[in-house]
Amino acid sequence: MTAGSAPPRDHPDVLPRRIGVLIVNLGTPDAPDARAVKRYLKEFLSDRRVVEIPPAIWQPILRGVILTTRPKKSAHAYAKVWTERGSPLAFHTHDTAAALKDAFGPDVLVDWAMRYGYPSIPSRLAAMKAAGCDRILIAPLYPQYSAATTATANDAVFRALGDMRWQPAVRTLPPYHDDPAYIAALKASAERHLAALDFAPDVLLASFHGMPERTLHLGDPYFCQAQKTVRLLSEAMGREVAISFQSRFGRAKWLEPATDTTLARMASEGVRSVAVMMPGFSADCLETLEEIALQGAETFHVNGGKNFACIPCLNADSEAIILYESLISRELQGWLNVTP
Ligand SMILES: C=CC1=C(C)c2cc3[nH]c(cc4nc(cc5[nH]c(cc1n2)c(C)c5CCC(=O)O)C(CCC(=O)O)=C4C)c(C)c3C=C
Ligand SMILES: [Fe+2]
Ligand SMILES: [Fe+2]
C-alpha cells in the first residue's frame, strides 16, 4: 500500500489506536449455590500456580474429596454475603473500573476481568483489541505479589496473546505493596472508618490472605511484602499495627500467625476491642465479609473480647480511585502524556 492510497478491499480494518487498561481480580462464583461454587472451585483449585501439588496426586483429591464436600459448605458462606448486585468481589471490581472510566482521557478504555470465571481475561482482551487497543496495561489488583495471584493473572493474559496474530503491546502493573500512594490510601481509609466507630480499638490488626509457608522458602515475596506494607502503614499512622494470615486451606503449614488464633488469643489475654483491616484484598469478598466480619467477630467475642470492627477494603471508595489513578497513570507513561 502506498502513502495516501486507500487500503485494498481485502485489507483488515485498521481502527483508531487506543490504549486499554484491564483491571484483573481473582474471580467468584456466578451464584451462591453448590453447582456454581463447584464450577468455580474446580477451575480455581486446578490452577497449578495455586495448588503446587503434582496433578497426578492433587486431581484425585480435588475431584474425590474437595469438590464433593466443599461447594455446599462454601455456598452456604457465600449466601451470607451475596447481595442484590451479586458477589461483592464482582461488583466492587466492576465499580472500580467504572469509576476509572474517564480518568485517563477518551483514548484510554478501562475494563475489568476475572482470572477464574467471568468476565474472562481472553474475552475482555479480545474486546479491547476489537475496540482498537494496540497497547494494554494489565492491572492485577493485588498489592503484594504472589505466584498464586499476580503471576497466574499475567499467565492467563500471555496465554490469550498466544492465540493472536496481531498482538497488542502489553505492560503489567508491578506489585504496589510499598508505594506511598497505597500506604496513603490505606491510612486515609482506616482513619476514616476508625473515626466512625463508637469505640477506640486497643489493637489494629492487618489480616492478609495466607499462603502455604513453603512458598516463602521457594522464593515467593508475598510474606515479606505483607510485612513491609504493615511496617510502612504503622509508621504512617503513628501506631502499632499487628499482622496475621487468614483463610487457611488444606493440611500443609501456612504462614503464621493465623488470624483466627490471633483473635482468640488477644481476647483471652484481655484485649477488649479490636479493629481488623485487610490490606491485601483490594475488594471485599467472601474472605473479608464472612470469614472476618462474621466468623472473626464471633471468635473474638466467645473468647471474651467486647468490641470488634471490620474495616472495609478499599473497594471503589475515593481513596482507592486516587490510588489507582496514580499507579495507572505512572504505568501509562510513554504511551500517554499524563502526569501521575
Ligand atoms: C491453596 C489454596 C489457596 C491459595 C494458595 C490462595 C491464595 C490467595 N487467595 C487470595 C484471594 C482470595 N481467595 C478467595 C477465596 C478462596 N481462596 C481459596 C484458596 C486459596 N487461596 C479458596 C478455596 C477460596 C474460595 C472460597 C472457599 O471455598 O473458601 C477470595 C474470595 C473470592 C470470592 O468469591 O469472594 C479472594 C479474594 C489471595 C490474595 C491469595 C494469595 C495471596
Ligand atoms: Fe484464596
Ligand atoms: Fe475462606
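**Domains and ligand shell**

Guide: Start where the domains meet: 24 residues of domain 1 are in contact with 21 residues of domain 2 (contact: C-beta atoms, placed from the backbone, within 7 Å). The model is predicted: local features need pLDDT of at least 70, side-chain atom pairs count only at pLDDT 80 or more, and totals for chains, interfaces and linings use all residues. Residues are numbered from 1 along each chain as its sequence is written, while chains are lettered from A and ligands numbered from 1 in the order written.

Visitor: Which helix gives the most to the side of domain 1 that touches domain 2?
Guide: Helix 12, with 5 residues. Helices are DSSP runs (H or I, at least four residues), numbered from the N terminus.

Visitor: What residue classes are on that side of domain 1?
Guide: There are 16 nonpolar, 7 polar and 1 charged. Nonpolar means Ala, Val, Leu, Ile, Met, Phe, Trp, Tyr, Cys and Pro; Asp, Glu, Lys and Arg are charged; the others, Gly among them, are polar.

Visitor: Where are the domain bounds?
Guide: Domain 1 is 18-176 + 320-331, and domain 2 is 180-310. The bounds come from an automatic or database domain assignment.

Visitor: How many Å apart are the C-alpha centres of the two?
Guide: The C-alpha centres of domain 1 and domain 2 lie 23 Å apart.

Visitor: New topic. How many residues surround ligand 1?
Guide: 24 do, and the closest are T28, S74, H209, C285 and L286. A residue counts as near if its C-beta atom, placed from the backbone, lies within 6 Å.

Visitor: Which elements give two or more residues to that shell?
Guide: Helix 2 (55-81), helix 5 (147-161) and helix 10 (286-289).

Visitor: And which domains does the shell draw on?
Guide: At least three residues come from each of domain 1 and domain 2.

How values were computed
Two residues are in contact if their C-beta atoms, placed from the backbone, lie within 7 Å.
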